[in-house]
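Here is a short briefing to read alongside the model. Take a moment with the sequence and the fold, and then we can walk through them together.

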Amino acid sequence: VAPQALMLYNGGFVMAQAKHLAARLEREAGTSPEAQVAHAYRLLLGRKPTAEEKESVAAFIAQHGLAQACRVLLNLNEFVYPD
């Protein structure tokens, strides 16, 4: 439902978790956006990102910051609806 989707995207809890994830990625993967993206995909989705995913998320990080990228990753259908 729409309120649920908005809560997942804009909610304070999700943003706090995104900030915690961003701090963990900086600690464990360093400052390279490509390394951060690769580590985030392993942690969140249990797989490596495709070349296109790595490139687009790294570009997003450069423009919007790591915490915002983590917020987006936490809202991927693949994360929200595991098989």
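**The chain as a whole**

Buried residues (under 20% relative accessible area, with a 1.4 Å probe and protein chains only) make up 31% of the 83 residues in the chain. This is a predicted model, in which local features need pLDDT of at least 70, side-chain atom pairs count only at pLDDT 80 or more, and totals for chains, interfaces and linings use all residues. Residues are numbered from 1 along each chain as its sequence is written, and side-chain values use heavy atoms, leaving out hydrogens and water.

**Overall make-up**

- You will find six helices and zero strands in the chain (DSSP runs: H or I of at least four residues for helices, E of at least two for strands, numbered from the N terminus).
- The chain exposes about 5400 Å² (Shrake-Rupley method, 1.4 Å probe), and carbon and sulfur atoms supply 58% of that area.
- Of the contacts (heavy atoms within 4.5 Å) between residues at least 6 apart in sequence, 52% join residues at least 24 apart.

**His39**

- His39 sits in helix H3, which covers residues 33-45.
- With a relative accessible area of 15%, His39 is buried.
- Apart from neighbours within four places in sequence, His39 is in contact with Leu25, Glu28 and Ala29.

**H3 against H4**

- Pro33, Glu34, Gln36, Val37, Ala38 and Tyr41 in H3 meet Glu53, Lys54, Val57, Ala58 and Ile61 in H4.
- The residues of this contact comprise seven nonpolar, one polar and three charged (Ala, Val, Leu, Ile, Met, Phe, Trp, Tyr, Cys and Pro count as nonpolar, Asp, Glu, Lys and Arg as charged, and the others, Gly among them, as polar).

Terms used
Buried < 20%, exposed > 50% of the residue type's maximum accessible area, 1.4 Å probe, protein only.
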